[in-house]
Amino acid sequence: MNIYNIASILTIITNLGMTLYILLRNFKHTVNRTFGLMAFTLALWGISVTHFTNIPRDQYNTAFFWWKIGYSAVIFTPILYTHFVISYLNIKKTFFLMLGYGLSFLFFILNWFYPRSFLGELTFIFDKFYCVDWFKNKNIAWLLFYINANFILAGYSFFLLLKHFRHTLGIIRNQMKYIILGSILGWVGAESYYLLAFRVYTKLIPIFSNFFIAFYPFIFLVAIIKYRLLDIRVAITRAGLFIAVYTIVLGLPFGIAF
């Protein structure tokens with residue numbers, strides 16, 4: 001067990017927990033389904049991280065397999081997030097979403113059937129684990145995915161949030177504050193991991209990246225509890241919230257040890 005595993009296990013717990021929470025509370029609306037599915041893709045990413053960060057140098061193909069699993073998740077995270085934002089703001093962007101999903105499925109196919117042309121090659125870093133190295137092959141397909149995910153989809157989603165935030169009042173404005181804050185935390189975490197592919201090798205990147213992805217659901221949970229985000233009404237006292245949070249924080253080390 002290392003710090004990478006602890007961070008990725010947290011990612012699995014919080015995102016899968018959020019998925020199940022939404023599934024059990026209110027999964028019938030598009031805005032809820034897209035957010036729940038997005039959280040599920042990040043939980044799947046956490047599962048892949050727990051594997052490829054423990055694979056020794058002489059098992060390159062196994063590491064490559066788990067990177068394909070990880071990218072199967074993160075390929076769909078950006079478009080699901082954009083769909084969540086568009087649904088939450090109740091605006092019509094049908095063609096944009098269809099194009100986004102179409103590209104995501106194209107990248108997904110490339111990831112599984114032409115992985116060398118998409119992911120390229122891996123490099124063993126920190127004497128710990130294999131990581132995608134874009135500079136080895138300089139695959140155009142992966143670069144297009146990166147630009148689409150982190151600049152077009154994420155950038156456009158933030159633009160829509162900030163544009164509508166300026167004209168909102170009351171409870172909706174408070175909801176959007178938490179959505180923007182949680183989104184920034186999650187996307188900073190996601191973006192940080194891509195730096196490794198561009199050979200920005202800093203040991204803190206994969207650690208803080210997964211911790212950020214692990215803790216963004218707590219921001220959304222506050223908005224759900226306090227401002228009924230996702231149209232979920234929760235009867236919970238401050239004492240109950242305090243107990244729940246500290247149960248997770250204090251119980252996690254025992255869960256990891258078990």
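H2 covers residues 30-52 and H4 covers residues 77-89. Their axes lie 8 Å apart, at an angle of about 155 degrees. Axes are lines fitted to C-alpha atoms, for helices over the stretch in contact, and angles run from 0 to 180 degrees between N-to-C directions. Helices are DSSP runs of H or I with at least four residues, numbered from the N terminus. H2 passes H4 in a left-handed crossing: the near helix is turned anticlockwise from the far one by less than a right angle (clockwise would be right-handed).

A word on the model before moving on. It is predicted, with local features needing pLDDT of at least 70 and side-chain atom pairs pLDDT 80 or more, while totals for chains, interfaces and linings use all residues. Residues are numbered from 1 along each chain as its sequence is written, and side-chain values use heavy atoms, without hydrogens and water.

Next, select residues 170-197 (H9) and 204-227 (H10). Their axes come within 8 Å and cross at roughly 170 degrees. That makes H9 roughly antiparallel to H10. H9 passes H10 in a left-handed crossing. Colour the contact by residue type: 21 are nonpolar, 9 polar and 1 charged. Here Ala, Val, Leu, Ile, Met, Phe, Trp, Tyr, Cys and Pro count as nonpolar, Asp, Glu, Lys and Arg as charged, and the others, Gly among them, as polar.

Stay in H9 and pick Ile171. Ile171 is partly exposed, at 32% relative accessibility (buried is under 20%, exposed over 50%, partly exposed in between; 1.4 Å probe, protein chains only).

Turn to the aromatic rings. The whole structure holds 43 aromatic pairs, meaning Phe, Tyr or Trp rings (six-membered ring for Trp) with centres within 6.5 Å. Select Phe65 in H3 and Trp112 in H5, 47 residues apart. Their centres are 6.2 Å apart and their planes at 70 degrees, so the pair is edge-to-face (over 60 degrees; under 30 is stacked, the rest tilted). Phe65 is partly exposed at 37%, and so is Trp112 at 26%.

Last stop: charges over rings. Arg116 lies over the face of Phe64, at 4.1 Å from the ring centre. Arg173 lies over the face of Phe165, at 4.1 Å from the ring centre. The test asks for NZ of Lys or CZ of Arg within 6 Å of the centre and within 35 degrees of the ring normal.

Key:
Helices (H or I, at least four residues) and strands (E, at least two) are DSSP runs, numbered from the N terminus. Angles under 35 degrees count as roughly parallel, over 145 as roughly antiparallel, 65 to 115 as roughly perpendicular and the rest as oblique.
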